[in-house]
Amino acid sequence: MKKHKNALLGILFLTLAVSFLSGVFLLDEFGEKKTVKIVFIPKVQDKTNDFWMSMISGAKSAGKEYQANLVILAPGEENDYETQKRYIEEAVKMKPDAIALAPIRYSEMTDCVKQVTDAGIKLILIDSKLDQNLEETYIGTDNRNAGLQMGQKMRDYVGPDTKIAVVSHVKGSSTAIEREEGLREGLGEDQSKIKMVLYSNSDYNQAYEKTRELMKTNPDITLIAGLNLYSTVGVARAIREMNLSKKVHVVGFDNDIEGIQYLEEGIIDTLIVQKPFNMGYIGIQTAVESVRGKKPDKNIYCDTEVITADNIYTDENQKLLFPF
């Protein structure tokens, strides 16, 4: 009788153990398959800007592959940080599992972004950083290193009488700050040749007009650096229109069809090319994995490539420059 009772208890225990383990397995499986809700807030959604449209395309691709519920909110202009702040507040009210953000400003937006982490929502930063470490991870270019690449390449065009102008984008953004710091480091002693830094506010026309005015008032400028796509293309338009390509070297960031055309024509000498599709894809992929329990690295960097007329037609660079 005692043996029979012990046998029944053993069977009961085994049944409970199997049920418990099955429940754990099902919970894990549910956690892996649970639809993750993500709000992605890039700096801008501008069909004329291949950089941001490529990043958004990468984000959508990852959202589809990982079956995430992806919502995209973006200002119409890259310098409109007030609208981006409103979108952050709106996103928090949506109670997503994660918010992927490319902050327009380095410091002015930090208090607003704290609402994300205070609400228990995972924060993934893409492309740009904040002045406080609120994020699970940062995904993007190592902008200081990319600026260093640019500065080192600019030295190829520096002579004894060279005078340099820098056309940056949004003053106070982490990308503008870090790229300029890296550029100056890459130039080394030649950074003393930088005579002025202008800001395009990520607007093609402002970059164009400011470059025209620059060359009228400072005709001795012989080297210009553009620190993002808007600045680079705007500078190139002005240099081409003013027939100054034989006198002024242009080194820029990012690429689109127009910028590549200027590189082929010799208006632009060098482009530092980022990988925005990768940033968008990895950003959403990492957000999904983070929500499902995987701890990401603090920084995930995407490489940049130095593109000139000498290497533009290699198979690898053609894939980079024309991803679609």
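This is a predicted model: local features need pLDDT of at least 70, side-chain atom pairs count only at pLDDT 80 or more; totals for chains, interfaces and linings use all residues.
Local features need pLDDT of at least 70 and side-chain atom pairs count only at pLDDT 80 or more, while totals for chains, interfaces and linings use all residues. Residues are numbered from 1 along each chain as its sequence is written, and side-chain values use heavy atoms, without hydrogens and water.

Helices (H or I, at least four residues) and strands (E, at least two) are DSSP runs, numbered from the N terminus. Two strands pair if DSSP finds at least two bridges between them. The open sheet has six strands in the order S7-S6-S8-S9-S10-S12, with mixed pairing. Its edge strands, S7 (194–199) and S12 (305–308), each pair on one side only. Strand S6 (residues 164–168) pairs with strand S8 (residues 223–226) in the parallel sense, over four bridges. Glycine 226 in S8 is the bridge partner of valine 167.

Axes are lines fitted to C-alpha atoms, for helices over the stretch in contact, and angles run from 0 to 180 degrees between N-to-C directions.

| Helix | Strands touched | Angle |
|---|---|---|
| H7 (residues 204–217) | S6, S7 and S8 | about 150° with S7 |
| H8 (residues 229–241) | S6, S8, S9 and S10 | about 155° with S9 |

Helix H6 is mostly covered, with 10 of its 14 residues buried (under 20% relative accessible area; exposed is over 50%, partly exposed in between; 1.4 Å probe, protein chains only). Among the buried residues are Ser174, Leu183 and Leu187. The buried residues of H6 pack against helix H5 (143–154), S6, S7, S8 and S9. After H6 comes glycine 188, whose phi is positive, near 60°.

Technical notes
Contact means heavy atoms within 4.5 Å.
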